[in-house]
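Please look over the model shown below before reading the notes that follow. They move from strand pairing to the core, and then to a few individual residues.

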Amino acid sequence: LESDLTQQTMYTFLAILAVAIVANADSMNRLLLQASCGGYANCVRYYNGCNTCECDPNGVETCQTGSCGISSVARCIECESNYWLDFLDTNDCNIKVTCSK
């Protein structure tokens with residue numbers, strides 16, 4: 001009986017652990033999708049140093065392809081709505097803050 005309880009406890013623990021791993025993987029995937037557009041968080045269009053690329057809502061990237069004469073610094077060039085591009089300082093997409101009176 002004690003062996004059966006130990007085995008049942010182990011199976012219960014493994015089931016809970018599996019659910020936790022799957023839930024955590026789903027959360028991590030959502031976070032990666034948010035930062036997946038060229039590696040820039042909350043960015044929807046970026047320049048990869050040679051071409052302009054866009055990301056759809058699912059994180060799928062599409063880049064214009066062409067000859068690259070002179071490459072320059074890769075950077076985000078358009079942020080998601082509710083974010084603004086700090087192109088003068090960090091080149092990050094920062095959340096818009098509105099002040100109320």
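In this predicted model, β1 and β4 run antiparallel and are joined by 4 bridges, and β1 is also joined to β2 by 3 bridges, again in an antiparallel arrangement. Strands pair here if DSSP finds at least two bridges between them, and the elements themselves are DSSP runs numbered from the N terminus, with helices (H or I) of at least four residues and strands (E) of at least two. Residues are numbered from 1 along each chain as its sequence is written. Because the model is predicted, local features need pLDDT of at least 70 and side-chain atom pairs count only at pLDDT 80 or more, whereas totals for chains, interfaces and linings use all residues, and side-chain values use heavy atoms, with hydrogens and water left out.

**Strand pairing around β1**

- R45 stands opposite E78 in β4, and R45 also stands opposite E54 in β2.
- β1 and β2 form a hairpin that has 4 residues between its strands, and in the turn G49 has a positive phi of about 105 degrees.
- In a regular strand, side chains alternate between the two faces of the sheet.

**The nonpolar core**

- The largest nonpolar core has 10 residues, namely C37, Y40, C43, Y46, C53, C55, C76, C79, L85 and C93; such a core is a set of buried Ala, Val, Leu, Ile, Met, Phe, Trp, Tyr and Cys residues joined through side-chain atoms within 4.5 Å.
- At least two residues of this core come from each of β1 (43–47), β2 (52–55) and β4 (75–79).

**The tyrosine pair**

- A search of the whole structure finds 1 aromatic pair.
- The ring centres of Y40 and Y46 are 6.1 Å apart and their planes meet at 50 degrees, so the pair is tilted; by the rule used, rings of Phe, Tyr and Trp (its six-membered ring) pair if their centres lie within 6.5 Å, and planes under 30 degrees apart count as stacked, over 60 as edge-to-face and the rest as tilted.
- Y40 is buried at a relative accessible area of 19%, and Y46 is buried at 7%, where buried means under 20%, exposed over 50% and partly exposed in between, with a 1.4 Å probe and protein chains only.
- Not counting residues up to four places away in sequence, Y46 touches a set of residues that includes C37, Y40, C53, C55, E61, R75 and C76, contact being defined as heavy atoms within 4.5 Å.

**Two asparagines with positive phi**

- N42, found in the loop between α1 (2–34) and β1, has a positive phi of about 60 degrees although it is not a glycine, and N42 is buried, with a relative accessible area of 14%.
- N82, which lies in the loop between β4 and β5 (83–85), is likewise not a glycine and has a positive phi of about 75 degrees, but N82 counts as exposed at 53% relative accessibility.

- C93 is found in strand β6 (residues 93–95) and counts as buried at 10% relative accessibility.
- The C-alpha atoms of C93 and Y83 are separated by 5.7 Å, although these residues are 10 residues apart along the chain.
- Beyond its neighbours within four places in sequence, C93 is in contact with several residues, among them N42, C43, C76, Y83 and L85.
- N91, in the loop between β5 and β6, is buried with a relative accessible area of 16%, and its contacts outside four places in sequence are R75, C76, L85 and D86.
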